[in-house]
Amino acid sequence: MAKQSQNFICQACGAAHSKWSGRCDACGAWNTIVEEQPLSSGPAAKSLGTKRGKGMALTDLAREEAPPPRSSSGIDELDRVLGGGLVPSSAVLVGGDPGIGKSTLLLQAAASFARAGTSCIYVSGEEASAQIRMRAQRLGLGDAPVRLATETNLRNILTTLEAEKPDLAIIDSIQTMWADNVDSSPGSVSQVRAAAHELTTFAKRNGIAVILVGHVTKEGQIAGPRVIEHMVDTVLYFEGERGHQFRILRAVKNRFGPADEIGVFEMTGAGLAQVSNPSALFLGDRDEPQAGAAVFAGIEGSRPVLCEFQALVAPTPHSQPRRSTVGWDGGRLAMILAVLEARCAIPFSGLDVYLNVAGGLRVREPAADLAVAAALLSAREDVALPPHSVVFGEISLSGALRPAGQTENRLKEAAKLGFSTAIAPSQSKALAGEDMALRHYPDLASLVGDIFGAG
């Protein structure tokens, strides 16, 4: 009898190894390699060419068919991130840090779907039914017609869903599900992969929308193999700082709508409240212009959002100056500092630099380069930017300013909130019919000389 080959899987990244070792060669994690039985343990299967299968049903691409109707949750911010509502037979994966509010958001969404006439089942593998009902009563959702279940056995869950045939099933969480045909512990890579595959296939076959909750690692990625994100139709990340009451639901993948769309929520004593105007929320009160502050007119998905960059530049007592960022990429901050020193002759050596995005928002757009540079220069020279002004534009390594997309939407949002001046690259077009002055600059050196008189 041939000896069955052993399979060692890294629980952090899912890489397969022929033998055990203390450190994974793929991701570098220590003590994460565990021996697991292969999914198909038995005699070797024959090749596909040895036996003919049955034909597949083919349809024409030009065939006129009505698109499946979307189900509205009644929560506008959630519907925006989903692309206009929940699509039948879709699989949605929601990830986020512990305690960020994933279960609260999905319980509120389940109650809203159920009150709108959508049959909904909430399956929890982490809490008892009494605990879920207690949280629902605290949120004022005790009368919502949502059916609850507490189960971790995947076979029992699929049997119940096939018998009840709900319109929506919420699984909290995928890491607690256990498939009895996989010989490994719950939460392992094999279990998570098998459970996600079975639930996604069940959703497509039975026309049931499934929302899966996923735990995240310390790096902020959803725990388990990345193949889970390829299986599902939509991947949502629930972001936010624990010290702030704002929460952001961001779509990083969406087959039925725009990716990188955001929905903004505020954590209150009665649960998560949606924020219809996030720009006013992130800006707060702005009475007098302050040194080190610059308002950035950004785009998140299809929505223009205004936020404030705050910078602090101070002499350092250490030999190595500190570079600290919150809500912005540290590597891009180092690049902007290098451009200021090389192209504008403004050194930051011997100075600690701190950069913060107010409100807990995380900005990834390259068009924020000019706002970051303006905030740094304002803090270093102790000179406030012109009052009621917004800044946007990308900085190249040569010091030239590159235009940002959707300029009109940025300017409209700024004008709606009372801003009268925009600092932008030369190629940006002015907003027709609005009282918005546009100050053009071809490169970073001209902006430095005009506003700050430095360099």
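Predicted model: local features only at pLDDT ≥ 70, side-chain atom pairs only at ≥ 80, totals over all residues.

Me: Why is asparagine 153 called buried?

Reply: Buried means under 20% relative accessible area. Asparagine 153 has 13%, so the label buried applies. This residue is placed in the loop between β6 (147–150) and α4 (154–164).

Me: What makes the pair of asparagine 153 and arginine 155 a polar contact?

Reply: The backbone nitrogen of arginine 155 lies 3.0 Å from a polar atom in the side chain of asparagine 153. The cut-off for a pair of N or O atoms is within 3.5 Å, so 3.0 Å meets that limit.

Me: Which residues does asparagine 153 touch, not counting those up to four places away in sequence?

Reply: They are Trp178 and Asp180. Touching here requires heavy atoms within 4.5 Å.

Me: Why is proline 98 called exposed?

Reply: Exposed means over 50% relative accessible area.

Me: Where does the label "binding site" come from?

Reply: That label is a UniProt annotation from an unreviewed entry, and it covers residues including Pro98 and Gly99. Such annotations may be inferred rather than shown by experiment.

Me: How do you know that β4 and β8 pair?

Reply: Two strands pair if at least two bridges are found between them. Five bridges join β4 to β8 (residues 209–214), so the two strands pair. They run parallel.

Me: What makes β6 and β12 edge strands?

Reply: The sheet is open and has nine strands, in the order β6-β5-β7-β8-β4-β9-β10-β11-β12, with mixed pairing. β6 and β12 (271–274) each pair on one side only, which makes them the edge strands. From one strand to the next, the twist averages 25 degrees.

Me: Which helices lie against this sheet?

Reply: Among them are α2 and α3. α2 lies across several strands, including β4, β8 and β12, and runs at about 70 degrees to β12. α3 (residues 129–138) packs on the sheet and touches β5 and β6. The direction of α3 makes about 140 degrees with that of β6.

Definitions and conventions
Residues numbered from 1 in each chain as written. Heavy atoms only, no water. Helix = DSSP H or I, 4+ residues; strand = E, 2+ residues; numbered from the N terminus. Buried < 20%, exposed > 50% of the residue type's maximum accessible area, 1.4 Å probe, protein only. Polar contact = N/O pair within 3.5 Å; in protein donor to acceptor, adjacent residues only side chain to side chain. Axes fitted to C-alpha atoms, helices over the stretch in contact; angles between N-to-C directions.
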